[in-house]
Amino acid sequence: MNKLLSASLIFVASLLAILSAGTAVATTTQDVSPYPLGERGVLTHRAVEARLQPVGTVCVKGEDCGVTVVAAADSGSKAPRSGEAVYKAHCSMCHATGVAGAPKYGTADWKPHIAKGMPTLYKHAMEGFNAMPPKGMCSDCSEQEIKNAVDYMVDGSKGK
Ligand code: HEC
């Protein structure tokens, strides 16, 4: 009797599991597919049409090809960022307050550094120097942008 009871319990449990799995599958398909039930198969007209699309399409410049052109914005951002922008985004976290002994922006801290000459400062900013990390940890900064940031900090701290 006991065996029969546990066997039927297992049966009911697996039935429940199958049922809930079934509902889960049904709801996800419904959520994902934008098409009505009859059009979801691999052999429907819509699916065949999608498979017959060429791999690439030709789009003449200036024509609206249904794609938002991001390239224009991209090429704009290729211009080196200003020293101020780079300083604010990447250098100020140390150079504004003097973290780890970093020379503070706009203070006499910079005097002994400026005395080394700009080529040395550029080199140390790119390659790192003591606690100054290479490129000030700005991995996507170009050499020009690092130079701009050095110029910005030096110009803002000269004669203090
Ligand atoms: C993690 C903190 C930190 C960040 C971020 C940081 N620096 Fe520095 N920087 C330092 C420290 C510390 C020194 C002082 C090193 C020394 O003189 O021993 C320093 C020194 C310098 C110097 C002087 C080097 C020399 O030879 O005297 C320059 C130039 C410089 N940093 C440029 C930059 C630029 C440009 C950025 C941003 C792109 C930047 N730093 C970001 C910590 C930082």
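**Notebook: helices and core of the chain**

Reading from the N terminus, I noted that the elements of the chain run α-α-α-α-α-α-α, and my tally of the secondary structure came to 7 helices and 0 strands. I keep in mind throughout that this is a predicted model.

I next looked up how much of the chain is buried, and found that buried residues make up 14% of its 160 residues. For the contacts between residues at least 6 apart in sequence, I recorded that 60% join residues at least 24 apart.

I then turned to one helix pair, H6 (residues 118-127) and H7 (residues 143-155), which pack at an angle of about 125° with their axes 10 Å apart. On the H6 side, the contact is made by Leu121, Tyr122, Ala125 and Met126, while H7 contributes Glu143, Ile146, Lys147, Val150 and Val154. Sorting the residues of this contact by class, I have 7 nonpolar, no polar and 2 charged.

Which residues have the most contacts inside the largest nonpolar core? I listed Val86, Tyr87, Cys91, Ile146, Ala149, Val150 and Met153, in a core that has 13 residues. Helix H4 (83-95) and helix H7 each supply at least two residues of this core.

Technical notes:
Residues numbered from 1 in each chain as written. Predicted model: local features only at pLDDT ≥ 70, side-chain atom pairs only at ≥ 80, totals over all residues. Axes fitted to C-alpha atoms, helices over the stretch in contact; angles between N-to-C directions. Helix = DSSP H or I, 4+ residues; strand = E, 2+ residues; numbered from the N terminus. Contact = placed C-beta atoms within 7 Å. Nonpolar A, V, L, I, M, F, W, Y, C, P; charged D, E, K, R; others polar. Core = buried A, V, L, I, M, F, W, Y, C linked by C-beta atoms within 7 Å. Buried ≥ 20, exposed ≤ 12 C-beta atoms within 10 Å, placed from the backbone.
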